[in-house]
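Student: I'd like to go through the charged pairs in this one. Can we start with how covered the side chains are?
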Amino acid sequence: MSSELETKVNTTRAGGAYIPPHRLRQMQQNVKDTTTEEYQRITWEALKKSINGLINKVNTSNVKMIIPELFGENLVRGRGLYCRSMMKAQTASLPFTPVYAAVTAVVNTKLPAVGALLLTRLVLQFRRAFRRNDKTSCLATTMFIAHLTNQLIADKVLALQILALLLERPTDDSVEIAVGFMREVGALLANVCPKANNAIYERFRAVLHEGEIDKRIQYMIEVLFQVRKDKYKDNQPVMEELDLVEEDDQITHNISLDDDDLDAEEMLNIFKYDPNYDENEAKYSAIKAEILGEDGSDESGSSGDDESGSASEDDEEDDDEENKMEIMDQTNNDIIELRRKIYLTVMSSVNFEEACHKLMKLHIPEGHEVELCNMIIECASQERTYLKYYGLMAERFCKMNRTWVENFTNAFNEIYDTIHRYETNRLRNIGKLFAHLFNTDSLPWTAFQIIRLTEEDTTSASRIFVKILFQEISEFLGLKTLKERLLDPYMLESLSGMFPKDNPKNTRFAINYWTSIGLGALTEELRDWLRTAPQQMMKREVSSSSGSSSSGSDSDSSSGSSSSGSDSDSGSSSSGSDSDSRSRRRRPSRRSSRRSRSSSSSGSSRSRSPSTRRHRNEGQSRRRRSSTPPRRR
């Protein structure tokens with residue numbers, strides 16, 4: 001068995017079959033000659049596992065601890081393994097791209113060949129993915145190149161070439177990749193080469209005005225312009241936690257997109273026997289000692305400086321906090337001024353696109369975004385008739401950012417809670433505005449969970465509002481589509497208030513309401529439930545009453561058995577004395593009963609024939625003769 005494993009390990013191209021760890025350690029102990037191919041292959045497998053494991057463990061918090069461990073491995077021999085593991089990990093987890101770029105920046109300062117190989121492979125992979133229209137690979141590769149450019153590993157020329165290639169013949173995918181790439185690298189380009197940066201944005205503006213791309217991509221370009229206006233406050237080139245290298249120490253590689261002599265050196269990913277293995281290992285041991293020794297002294301010195309600096313900064317912050325005096329504005333002048341600007345912008349715009357563009361330029365403080373939503377709703381409600389201008393404006397904001405969806409949903413809940421304060425005309429305009437947002441899926445239909453159609457929970461104003469809202473939705477979607485949306489199993493919990501099944505009274509009210517507004521087809525399930533609801537309720541009552549009666553019958557039977565003995569004794573003693581009196585009392589009762597029967601049957605006998613009457617009278621006279629005692633002579 002051991003000979004088979006050894007032959008597989010030695011003969012296969014990528015290392016052979018899986019070897020259990022205990023078996024691998026045993027083979028390493030048996031093979032001690034460093035000049036043999038078996039020993040070098042075993043060390044190669046260990047190097048590959050170690051590099052791959054360290055790269056998969058790295059994150060923002062432990063990056064300073066992982067980098068020395070990486071330098072502890074032979075990165076000169078395993079630079080191909082390092083680049084392959086880094087690219088694979090970055091493609092699998094895009095949010096960790098800044099961390100991988102920071103690790104590569106530190107490695108590039110000490111081993112520039114590793115950084116150059118990684119950048120070369122990324123450029124070749126981007127070329128290949130662009131030719132094949134592989135959007136996923138292009139997004140991952142451009143993001144990695146962008147962060148390597150921010151870390152000054154790649155030159156700015158490469159970033160500009162990629163943007164020019166993507167925007168030369170704009171399509172939906174190429175513009176989307178360019179927007180994502182520009183958000184990552186735009187802050188650096190704005191500082192390093194502002195003229196080229198302005199030219200790129202002019203190209204974006206031309207693509208936007210041409211209007212040949214999808215609406216979603218147009219919104220992405222508008223958001224990019226807003227990010228540029230905010231000076232990339234949420235897209236800084238390098239985070240403070242990942243700024244590990246000084247600009248003077250970094251080595252920048254001048255690799256362009258159109259270089260023809262780029263070599264990926266794919267053979268570095270595969271094991272190759274090294275006749276000078278001991279010499280190369282000794283050289284890297286010297287390099288490792290030099291790197292880690294300098295890093296250790298630097299870290300010790302820098303840690304002391306950081307501690308002293310942090311102590312002084314803490315003292316300064318304490319002094320500043322003592323000297324500061326908080327002033328709170330309770331007059332809400334800033335909110336009033338913001339609402340005034342929003343109103344003037346909305347009323348002075350020619351179309352909704354111009355209004356949205358101007359409103360995006362307004363500096364709305366964080367936490368006051370709901371004021372914009374309220375102003376759009378109020379402006380729409382003040383019109384004589386509903387204008388689609390306001391619906392399109394609200395739709396644009398909802399599809400632009402998730403924040404606006406939440407704010408419009410909160411506004412919908414507040415308006416429904418205070419709907420009794422609005423006039424009928426304002427109700428109609430607000431209902432049509434929100435109907436437009438629900439028609440276009442700008443707002444989630446889970447917002448309907450606030451509506452509860454019962455006689456106690458609704459008012460005349462709320463019933464009018466719901467009527468206008470759903471009539472508009474039905475007119476736009478069609479009754480069939482509306483019914484399918486409302487019967488979606490994922491929406492049953494949110495829509496349970498509009499179709500109540502907790503009480504037959506509430507169910508009847510909901511059925512009558514939907515039928516009165518012309519949407520009775522939505523109540524088929526409610527009608528079916530209402531037919532079976534009384535039966536189910538009776539079954540529950542019977543089951544509950546049967547349980548209680550069974551417990552009561554047990555107690556009655558015990559009490560009845562105890563009293564039966566005494567009743568039987570008393571009855572036997574008095575039976576002899578009462579028998580004569582009872583027989584006497586029964587006779588007149590029989591006569592009276594006969595009289596009542598005869599009187600009751602007299603009315604019916606009138607309608608019968610005289611023959612039947614005669615026979616009946618004869619029978620009665622015979623009974624009387626037999627019952628009367630014979631006279632004594």
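Tutor: This is a predicted model. Glu 45 has a relative accessibility of 15%, so Glu 45 counts as buried, the cut-off being under 20%.

Student: Is Lys 48 buried or partly exposed?
Tutor: Lys 48 is partly exposed, because its relative accessible area is 22%.

Student: What does Glu 45 form with Lys 48?
Tutor: A salt bridge, with 3.7 Å between the closest N and O atoms.

Student: And where do Glu 45 and Lys 48 lie?
Tutor: Both are in helix α3, residues 37–57. They sit 3 residues apart, which is about one turn of the helix.

Student: Why can side chains pair like that at all?
Tutor: Opposite charges can pair when the charged atoms come close.

Student: New pair. What about the side chains of Arg 396 and Glu 222?
Tutor: They meet in a salt bridge, 3.2 Å from N to O. This pair links distant parts of the chain: Arg 396 belongs to helix α17 (residues 388–400) and Glu 222 to helix α12 (residues 215–229), 174 residues apart.

Student: Buried or exposed, Arg 396 and Glu 222?
Tutor: Both are buried.

Student: Which residue does Lys 501 meet in a salt bridge?
Tutor: Glu 525, at 3.9 Å from N to O. Lys 501 is in the loop between α21 (479–486) and α22 (504–516), while Glu 525 is in helix α23 (residues 524–605), so the pair ties together parts 24 residues apart in sequence.

Student: How accessible is Lys 501?
Tutor: Lys 501 has a relative accessible area of 39%, so it is partly exposed. Glu 525 is partly exposed too, at 40%.

Student: Last one: how many salt bridges does the count come to?
Tutor: The count is 21 salt bridges.

Methods
Residues are numbered from 1 along each chain as its sequence is written. This is a predicted model: local features need pLDDT of at least 70, side-chain atom pairs count only at pLDDT 80 or more; totals for chains, interfaces and linings use all residues. Side-chain values use heavy atoms; hydrogens and water are left out. A salt bridge is a side-chain nitrogen of Lys or Arg within 4 Å of a carboxyl oxygen of Asp or Glu. Helices (H or I, at least four residues) and strands (E, at least two) are DSSP runs, numbered from the N terminus. Buried means under 20% relative accessible area, exposed over 50%, partly exposed in between (1.4 Å probe, protein chains only).
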